[in-house]
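Please have the sequence and the 3D view ready before reading on.

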Amino acid sequence: MYSTHLQAQEESRRLHDAHDIYKEKAFTHRRFKHADMVPVLNALSQPMSVSQVGESLEKRAIYQVKAGTGTTNVLLWSQMHGDEATATMALFDIFNFLSGKNDGFDELRQAILSKTTLYCLPMLNPDGAERFQRRTATDIDMNRDALRLQTPEGTLLKHMQQTLKPLVGFNLHDQNPRYSVGKTGKQAVVSFLATAYDEERNINDIRQRSMQLIVGMNRVLQQFIPGQVARYDDEFEPRAFGDNIQKWGTTLILIESGGYKGDSEKMTIRRLNFVAILSALKAIADGSYKQESNGDYQAIPENGRALFDVLIRNATVLRQGKQVRVDVGINYNEVNDKDAKTFQYKSIIDDIGDLSTFHGLEEIDATGLTLVPARLYPETLESASDLDKLDVPALRRDGVVLFKVRQKLTDSFPTQAVHLLTEGELPGKPLQLEQIPTFLLMKGKEIKYQFVNGFWKDSKEGVTNGVIE
């Protein structure tokens, strides 16, 4: 068994290093649409075959990609939630891999294609993807529609499971990037779940297979993200597809793509999905997963809620003239533009107080610093374009980052890292929960940190971080 593990890890390292060869170049960000995907599907060649198997509420075609000639059916679906596109990109990378040859992976490719038949639904919720939203056009969460089947997309998924009767199903999702690995400060980059099929969370042969396959994928991923793989809570959800598909007789593996610092478009996690899924398909093809222990699955730490995007520790604030020491937890939330093709961040103060049991993806020790309101430009601007007449960098250095604007703004976000007020009020004095975090951290009269919309640097990964309220 030890030599089998070593071989699997070596092969997964080679896959990881070779990923760029197979990476589908059409997808460079997560907010691609159905119309962006269709030409890529149409360009697929043997051993893949593409067919339409259904239609969304808004009449967008739902496609199946089939590959392999083996007797073991495997069903994979992604973007059940329209704004969870990481694995969709990875599936297309896998399609490119399966069509390769003479690249050092022919034995792996042949094992998968000869022993299994893969049925892939790479964008199950195209209407949601169009809006980059979780739910379908019916405003129903498809993953809570396994019983009533009120969505055409959910009805299709059950039909596929019932007719194909796959041995294994891969339910591919994205999760909140602020999940931690247990109570550690480490971000859960990938989380797995062998879904329960009943309230008692019993383990039969079907669910055991889920656990065994996850153990192998976890071992593979630990090479690349040590200590950053977690396990989702397995409380039974009677309406969910994952739980029901396990109940209906198909081994169900849930893969949740979390966050990876500095990678908002999840290209690193896309690579990890590529490696993990191919490793699992190999284990299904050769049966090597049967050597794995359920105990190793239970040893994977559960997802925790111990992270903020930014955690400011030990700041001093004034309350009724009294100095109070607080920690401040800030979270960044993505807001789509009107076409849901790009996004900006709108941040909130999520918690204030003793946050010593939490961690931040980025942390600031504000010991000896006082948190005070940001400074307001003394004149009201007629429009946002009046900013161009000002020396904004000089004003920012003086802590002036708040500007009142008389004209109501149609854009959601400014092009500079400033906080514009058209209808909103000045950030609360004192600091308040749920407000946009725009403030200064001072040491005496010196500005040490200047926060606008939760950021103290000019931009995050090329996104301008100003805000309008």
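How are α7 and α9 placed relative to each other: parallel or oblique?

**Basis of the report**

The model is predicted, so local features need pLDDT of at least 70 and side-chain atom pairs count only at pLDDT 80 or more, while totals for chains, interfaces and linings use all residues. Residues are numbered from 1 along each chain as its sequence is written, and side-chain values use heavy atoms, with hydrogens and water left out.

Helices (H or I, at least four residues) and strands (E, at least two) are DSSP runs, numbered from the N terminus.

**Helices α7 and α9**

Two packed helices are described by the angle between their axes and the distance between the axes. Here an axis is a line fitted to C-alpha atoms, for helices over the stretch in contact, and angles run from 0 to 180 degrees between N-to-C directions. The axes of α7 and α9 cross at roughly 135 degrees and come within 9 Å. α7 and α9 are therefore oblique to each other. Angles under 35 degrees count as roughly parallel, over 145 as roughly antiparallel, 65 to 115 as roughly perpendicular and the rest as oblique.

The crossing of α7 and α9 is right-handed. A crossing is right-handed if the near helix is turned clockwise from the far one by less than a right angle, and left-handed if anticlockwise. On the α7 side, the contact (heavy atoms within 4.5 Å) is made by Leu 213, Met 217, Val 220 and Leu 221. The α9 side includes Leu 272, Val 275 and Ala 276. By class, this contact of α7 with α9 has 10 nonpolar residues, 1 polar and no charged. Ala, Val, Leu, Ile, Met, Phe, Trp, Tyr, Cys and Pro count as nonpolar, Asp, Glu, Lys and Arg as charged, and the others, Gly among them, as polar.

**Helices α3 and α9**

Helix α3 (residues 86-98) also packs against helix α9 (residues 267-286), at an angle of about 55 degrees and with the axes 8 Å apart. That angle makes α3 oblique to α9. The crossing of α3 and α9 is right-handed. Among the residues in contact are Met 89, Ile 94 and Phe 97 of α3 and Arg 270, Phe 274 and Leu 278 of α9. The contact of α3 with α9 has 10 nonpolar, 2 polar and 2 charged residues.

**Helix α9 itself**

At 1.5 Å a residue, its 20 residues should span 28 Å, and the end C-alpha atoms are 29 Å apart, which agrees. The expected span is 1.5 Å times one less than the number of residues. Just after α9, Gly 287 takes a positive phi of about 75 degrees.

**Backbone exceptions**

Most residues other than glycine have a negative phi, and most peptide bonds are trans. Arg 201 has a positive phi, near 60 degrees. Arg 201 is found in the loop between β7 (190-193) and α7 (205-222) and, at 35% relative accessibility, counts as partly exposed. Asn 314, in strand β11 (residues 307-319), has a positive phi near 65 degrees.

The peptide bond from Gln 46 to Pro 47 is cis, with omega near 10 degrees. Pro 47 is in the loop between α2 (34-42) and β1 (49-55).

Methods: Buried < 20%, exposed > 50% of the residue type's maximum accessible area, 1.4 Å probe, protein only.
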